[in-house]
Each structure stands twice: as structure tokens, then as C-alpha cells.
Amino acid sequence: MLPAIDLEDLSLDAGGHLLIDRALAGLAPGDRLVVRGRHPALGVHLAAWCRTEGHLFDTAAETPTVIRGRADLDRWRGAQRAGRTADDVVAHADRRWGLAARGALVEPGGPALAVDWVDRDLVWADLAPRLYAQATANQWDPATAVGWAAGVSLPDSVEDAVVQVMTYLVENEQAALMIPARLLSRLHPHFREVMQLLAAQAADEARHVEIFTRRALLHRDTLGLSGAGGRASLQTLLEEPDFTLASFLLSVLGEGSFLDLLHFLHRHAPDRVTADVTRLAARDEARHVAFGVAHTAHVVRTDRAFLHRLRTAVERRHAVLADTAGLNKQVFDALVVLAAGSWTPAAISRGWQEVLRLQQAMDEGRRRRLEYIGFPPDEAAALSALHTRNFM
Amino acid sequence: MSDTLLLGAVAYDPKVVTIWAGFRSWFRDRGFDLDFVLYSQYERQVEDLLAGRIDVAWNSPLAWLRAQRLARAQGTTVRAVAMRDTDRDLTSVIVVRADSEHRTLADLRGRTVAVGAIDSPQATLLPLALLRAAGLDPDADLELLRFDVGVGLHGDHIGGERDAAQALRAGRAEAACLIDASLLLFGREGTLPAGSVRVLAETEPYDHCNLTAGPAADPALVDHFGKLLLSMSYADDTARPLLDLEGLKKWLPGRTDRYAALERAVTETNFYDPQGALGAAGYRP
């Protein structure tokens, strides 16, 4: 007896084809399926449906009968999975997988994805999934996470210093937003945890831009100064085309140093709002640094010769910036004023020492991270010394 | 004689450019030099086929019949090389609203019947032939509500059928003429919600488009073209998107024995005269 199904009153323009598809799935091409039903247009619908689906409709049969075609099987012939499972991060992601989810069965054909980075070891860090989970768990709302109402009025000269530092921070955070955004648009989405992490990083920076701007304008109508040297320094980060080098220069060296700066500002914050915004930003930046370090270390582990490229990148950036002013005078002085807390000579001297200690801490941090990545201590020290005077 | 096979196709939709540019690449990748020209309507395409300006025409069923008539008048022949699997055994239906009192075609006497474009085989010529066979003279016994969308495209543009369906639903017509696939499509998309219409009559199965070789085409080149066409597989992911766009799973050899009903309809209405000249009143492609 031929396989048969009964659609009862269900028509093919109201979902009946699902039942037929289901029944045909278990049959081989050429097999026949009897389709019973009470809908008056069953025969007309079935003939039209069979035609579009690549099945045959047996017009000679007494009861409507479908002869199974093979178009559905042909469509998926040669299909391959984009990784064996959702967790299988392959060494080389196929551009022809396009935007398919990792682990999905991908129909052949369709446009190849125009992305640059398709090799796992050039973008990956085993820490990425954990960092992404942490990033989503630690999202905060600028409207409520900062005690904006606690903004006390400061002496003019201190407020000037705060506004200048905030202006500088916004400029740097804008670079730190654009870089992960650029990187993620060139990354194969197969490495989705890295993509997600970069997206979270860009979103973090967007919030930092917001809170630093808001703090700068808390008591003032205008922002501070933007030095050409600082912008030149940031421009070299934007222009770095390589994923790992960009991540290394931005996160390992730049954001790493910035982390010390944010801690410094938090410690010497003259008001609660400044303390809040620097604390919140530092928490996010620590995660960015962690990915940069983990990723760069991953690359060096798979290819020790990459250390040479990292070294060259630092030297090249140093050479490009050799003739620029670096950190502008106003920012440096503002940091001294904030650390000093008052204008007595003794206080300024203390502030000056604090800023020197900050630079020392930045240097130590960079050396520590460079050594973790794989540089010998002397080389780590030399490279750290070449880092931009603009901090980021 | 040139090694290029020049194919004519009617640009009833912008996707036609994508389809034939894609097929051209597919053929050229296999060492066969195919090129194409696009027409805005079928009549000029058929005339050019018979004049030898193109080798092969992707013809509607009506264009195929006209090509045959013109060929006979010229003492030459045309050949159906291939057709889509979806060109075989189509039917057209005449539908009424589900709650309509009409039970037979004869009940439609004096009523308004919505049809597609004047030159649509599936939504006008064949259903009207069915009504004539039931003893109704469409001109005298019916109020025809004709939706002339895309005249010259021989019904390839679905707009006329959709308008006819909407007229039925809105109560401006008491019956509408559609191809079977449109009945299913309109049901699914809600133009004619499921259960809202009843099929009053259905034509015998007929065939639709075919690739017609003209008298000037090199027969060996046409044979080679046909062979390659029939070898095109739905499992080939370079061909599949094109086949999907063109609405087929498989090319089949051309067959010509299921155009008889349309041939009769054309003769009865003098849509074309026996020599293939345009005869239908009000037909301006």
C-alpha cells in the first residue's frame, strides 16, 4: 500500500504543505504519496504546489498523488556546517559561510563575506567568551551609576583642571571607540565571542565619551583644549591596519597606561562625580586590556616570530611621533593641580611627584604586560620607554 | 556563421537581467558563447526571431503560437528546444466567492467576470475559451472586467491577475480567472484569504513557455545549447540561484502537444490571423 496522509479540511493555502513536506521527508525521490483531504481545491492547489516544489503531480491517479522530486535534496547537497557544533571555533573560517551562525548547516552558493580576518589565531583569545560574559554582566547606566546630583562647586582653577582632563579623556575614548568598531567590521563572525567583545568594548567607550563630556559640562559651558600632538598620537592607532597590532597598541599599551591614569584620577578626584566616572571607566578598561593582553599572548604562543612585528610596531609608532609634542602641557599641568589639591608650593611639589609616580606606574604596568606576552625584561623595558607620551 | 548563440528574452521584470546575465556566464564558463537581447514585449521578439535577428527566443505560449504561424506563412519552421519543469501541465481556474450562489459556468450569464490582461493566456484567453465551451459568448453574455497590466508581456506580469482577484473579493466581479499557481499564491498571501473562494471550473492541463529556435539559428549550435541547458542541475550552486529566479528546478525538452487549447482560443478570437498578424481588437503591445 502506498504511503498516504489525510489533510482533512486543511488547504494548501493555510499550511497544508507542512504535513505533505513532513510525509515526503521520509520518502525517496520517485516514491509516491497519496494525499487525501476534503478541501474542494485540493487537486488544483496540489498540482500548483508540486510544480513549484519540484515534485510531480500524478494527474492519472484516482486519488491526488505526489511523486517525490529531489530539489530539496539537491539544494542541500554539498552543504557543510560552519563548525561541527556551536562551540567549534575552527582554525580557518570560510568566507562562503557568510553570516551563518557557527555550527549551522550552510547551503552552498550565495555571496562570500567581504571580511579580512578569517584565521582563528590572528584574532582569538581563549579568554574572549569569559570576558564577553563579564562585559554583559557589568553594563551600567550612565544616568544612574554616577551620582550627578552630588556635583559640588569647586574652586575655578580646580574645575578648569577637571574640564581639561575630561576634554582629553573624551578625545582618547573616541579613538578607543572607533578602533574596535573598525576591527569588528573586518572580522569573520565565526569568531563571534571576539566580535561580541569588540561590540561591547565600543559600547563601553560610547558611555565613557558620554560621562566624561557630561562631567566636563557639569559646571561649565565650554570644553578645554585639544592639542595637535595628542591627536597625532591617536591617529597612528586609527591607522594601524593589522588586527593584532591595533589591539596591542590600543589595549595592551594605550588602554593599559590609561588604566593607571583613571586610577590616579579616581584617587585625586576633587568631587564625587569625577570619582564615579573615572571608577566606572576604569572597570571597563581593565576588561579591554585583559583581551588585548590575552589575544596578543595567544598570537605569540602560536607564532613566536610575531614578537618581532610587535616590536617593529612600537618602534614605527615612536618614529612617527618623534617630532610631535605628545601630551599637551595643559593636560599635564591639570594632572599636577588635581594631585596637588591646592596652590601652595608644597602641594604643587607633591602633585608633581604624584604625576611622576603615575608615569612610573604606567611604565611598570606596560613592562609587566610586555613580559607576560613574551618579551624578555630588558626588551620590555626598552619598548615601554618608546610608548607615546600621550599615554594612550 | 557566428559561434555566438543570440537569445531573446522579454524583460517583464528587472530580474530578467540578472537571470540571463547569470545564464550567459554559466554557458561561457562551459565554453559556449551565449549572448542575449532583451525586449519590452513579445510581439517584437517573435518578429525578430522570424527575421533571423535572434537565434532563440524565450517565448510565452502565445509567442510560440505566433512564431509557428509566422513561420508557416514564410514557409519555414521553428522548434521548441526546451522548457522549464514548471511550464508543464498548468491549469487555469475560474473562481467565485465561497458564498456565491453560482454553481456552474452557465450561472455566470449576464454577470461580471474579472480577467487579466488582454494577451494573458492563463488569465484571459484560456478561461474565456472555457466559458465559450460552456455556451457563453464572453462579449455578448458576460460583463468582462479586464485588467490590462503589462500588455505585450502575455500575462507574465501577475498584476492583472491580482487586480482581478481583488475585484472578486471586493464584489466588483462575481468571478475571476487565474492560473492555478496564482490561486495558491493569493490564498497564502491573503489577497484571496484561505476559504474565501470556490473553484467553479478548471481548464485541461496546458503547457506554458518554451525556448524557441528560429529559422536562422545554426541547428548544431542550438543542439549544443539545448544539451547544456538540460544538463543544468539544481544541485549546482552556481546555477541554483538562477534557476530559483527563473522559477524552475530542471530544464526539460520542449514539447508542443499541450498548446492545442490555446491555439483554438487564438483562432476563435482571431487574436492572431493564420499568417501570424495581430488581429485582436484593442491589443496595443
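Trainee: Where is A161(A) found?
Mentor: A161(A) sits in helix 6 (residues 156-185) of chain A. Helices are DSSP runs of H or I with at least four residues, strands are runs of E with at least two, and both are numbered from the N terminus. This is a predicted model, in which local features need pLDDT of at least 70 and side-chain atom pairs count only at pLDDT 80 or more, while totals for chains, interfaces and linings use all residues. Residues are numbered from 1 along each chain as its sequence is written, and chains are lettered from A and ligands numbered from 1 in the order in which they are written.

Trainee: Why is A161(A) called buried?
Mentor: A residue is buried if 20 or more other C-beta atoms, placed from the backbone, lie within 10 Å of its own, exposed if 12 or fewer do, and partly exposed in between. A161(A) has 25 other C-beta atoms within 10 Å, so it counts as buried.

Trainee: Which residues does A161(A) touch?
Mentor: Leaving out residues up to four places away in sequence, A161(A) touches A334(A), V337(A) and L338(A). Contact means that C-beta atoms, placed from the backbone, lie within 7 Å. The C-alpha atoms of A161(A) and G224(A), 63 residues apart along the chain, are separated by 8.9 Å.

Trainee: What makes D323(A) count as exposed?
Mentor: D323(A) has 8 C-beta neighbours inside 10 Å, so by the same definition it is exposed. D323(A) lies in the loop between helix 11 (306-321) and helix 12 (329-340) of chain A.

Trainee: How do you know that the span of helix 1 of chain B agrees with its 15 residues?
Mentor: The expected span is 1.5 Å times one less than the number of residues. For helix 1 (residues 15-29) of chain B that gives 21 Å, and its end C-alpha atoms are 21 Å apart, so the two agree.

Trainee: Why is helix 2 of chain A called largely enclosed?
Mentor: Of its 12 residues, 9 are buried, so helix 2 of chain A is largely enclosed by the rest of the structure. Among the buried ones are H45(A), W49(A) and R51(A). G54(A), with a positive phi near 85°, follows helix 2 of chain A.

Trainee: How many residues does the contact take from each of chain A and chain B?
Mentor: Chain A gives 23 residues and chain B gives 23 residues. On the chain A side, helix 2 (42-53) and helix 3 (71-76) each supply at least two residues. Helix 2 of chain A gives the most, with 7 residues. The chain A side divides into 10 nonpolar, 8 polar and 5 charged residues. Nonpolar covers Ala, Val, Leu, Ile, Met, Phe, Trp, Tyr, Cys and Pro, charged covers Asp, Glu, Lys and Arg, and polar covers the others, Gly among them.

Trainee: What makes strand 1 and strand 3 of chain A edge strands?
Mentor: The open sheet of chain A has 4 strands in the order 1-2-4-3, with mixed pairing. Strand 1 (4-6) and strand 3 (56-57) each have a single partner strand, so one side of each is left without a neighbour in the sheet. Two strands pair if DSSP finds at least two bridges between them. Strand 3 and strand 4 (residues 65-67) of chain A meet this with 2 bridges, in the antiparallel sense. There L56(A) stands opposite I67(A).

Trainee: Which helices do the buried residues of helix 13 of chain A pack against?
Mentor: They pack against helix 9 (243-267), helix 10 (272-302), helix 12 and helix 14 (377-385) of chain A. The buried residues of helix 13 of chain A include V355(A), L358(A) and R366(A). G374(A) follows helix 13 of chain A and has a positive phi, near 140°.

Key
Contact = placed C-beta atoms within 7 Å.
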